[in-house]
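Student: I am new to this structure and would like to learn how its features get their names. Could we look at it together?

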Amino acid sequence: MKKVLVTGAFGLVGSELVPALQKELGTDSVVALARQTVDPNFEGILEKGDVTDFNLLSSLIDKYQINEIYHLAGLLSAGGEKDPQRAWDVNVNGLRSVLDLAKEKNLRVFWPSSIAAFGPSTPKENVPQHTSLEPTSMYGVTKVAGELLCQYYFKRWGVDVRSLRYPGLNGWRASPGDGTTEYAIHIFYGAIKDNAYTCFLKPDAVLPMMYLDDAIRGTIELMAADADKISVRTSYNFAAVSFSPEQLAAEVAKLSPGFQMKYEPDFRQQIAESWPKTIDDSQAREDWGWTHVYGLEEMAQELYEKIKQKLASQ
Ligand code: AKB
């Protein structure tokens, strides 16, 4: 029987992955681990603690007889620049603990990498699967280190660890985190509350993005694929749509007439400029059948409606 542990369970991805896994496996088969943020309406198995605590992770795996970990806990790009040391500790040492436990206790692992693994020397358009990885943010450095660790544990010890280079993910259930692409979620809160938003990126800062529903489905599909289909053990390029703040603002204005967007770029603009605009994810499509559903327009409509309902019920 599959028993899974999800770290970072109430972050952007965790808050939608946990219910999806509960639906697939049953509530008693999913353990949510959180350090701080907890949804007061959460129903299921909840544990509290820090992913850098090796003994805690080890005891939880034994207590619940876990055989699969979705290791989502980590700092994002803007958070990583504010505290680079903690970013390394959580993102790299936390992953290494998970991989050591996976080796010792024979667990399967999912770990998210990011488009932040790319850097200024990566091509801007249609980034191939195998390319230059020279990121300039600490977050990106931790993602490259993490990808290589995953591949090392697979090649040296056969740990079945799988990974996706997530683009900017846009969901409604959790509040947006400390990332560069998260303007694309904050904008909806601004539109619904004030019919206005001040963006921290320039109007033409095109970045790869995805609706969270697609990302959750892709993550579950990757983990369900036969091992012989997985040809990439660092992390798969994973893509849906690319758009700029001004293109998203135009969609939001269709949903919220009179919407006003202002631009006050800050240090996150430099991070955005170091990342590519479009990604070639054909390897994921060929190997395990990845395909996205949501385009910019459908994603904007869903986010606007869901965040509006969420805010109205609070
Ligand atoms: C961020 O902007 O830091 C994240 C990411 C692209 O990994 N959303």
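Tutor: Gladly! This is a predicted model. Let us begin with a term: a residue is buried when its relative accessible area is under 20%. In helix H1, Gly14, Ser15, Glu16, Leu17, Val18, Leu21 and Gln22 are buried.

Student: What do the buried residues of H1 pack against?

Tutor: They pack against strands E1 (4–7), E2 (30–34) and E4 (68–71), and against helix H7 (212–224).

Student: How do you know that H1 reaches close to its expected span?

Tutor: H1 covers residues 14–25, which is 12 residues.

Student: Why is the pair of Tyr70 and Phe110 called tilted?

Tutor: Their planes are 35° apart. Stacked needs under 30 degrees and edge-to-face over 60, so this pair counts as tilted. The centres are 6.1 Å apart, and rings pair within 6.5 Å. Tyr70 lies in strand E4 and Phe110 in strand E5, 40 residues apart in the chain.

Student: What makes Tyr183 and Phe200 an edge-to-face pair?

Tutor: Here the angle between the planes is 90°, and over 60 degrees counts as edge-to-face. The centres are 6.4 Å apart. Both Tyr183 and Phe200 are buried.

Student: How do you know that the charged end of Arg268 sits over the ring of Phe200?

Tutor: The charged end of Arg268 is 3.6 Å from the ring centre. The distance limit is 6 Å, and the charge must also lie within 35 degrees of the ring normal. Arg268 is listed as sitting over the ring of Phe200.

Note on methods
Residues are numbered from 1 along each chain as its sequence is written. This is a predicted model: local features need pLDDT of at least 70, side-chain atom pairs count only at pLDDT 80 or more; totals for chains, interfaces and linings use all residues. Side-chain values use heavy atoms; hydrogens and water are left out. Helices (H or I, at least four residues) and strands (E, at least two) are DSSP runs, numbered from the N terminus. The expected span of a helix is 1.5 Å times one less than its number of residues. Buried means under 20% relative accessible area, exposed over 50%, partly exposed in between (1.4 Å probe, protein chains only). Contact means heavy atoms within 4.5 Å. Rings of Phe, Tyr and Trp (its six-membered ring) pair if their centres lie within 6.5 Å; planes under 30 degrees apart count as stacked, over 60 as edge-to-face and the rest as tilted.
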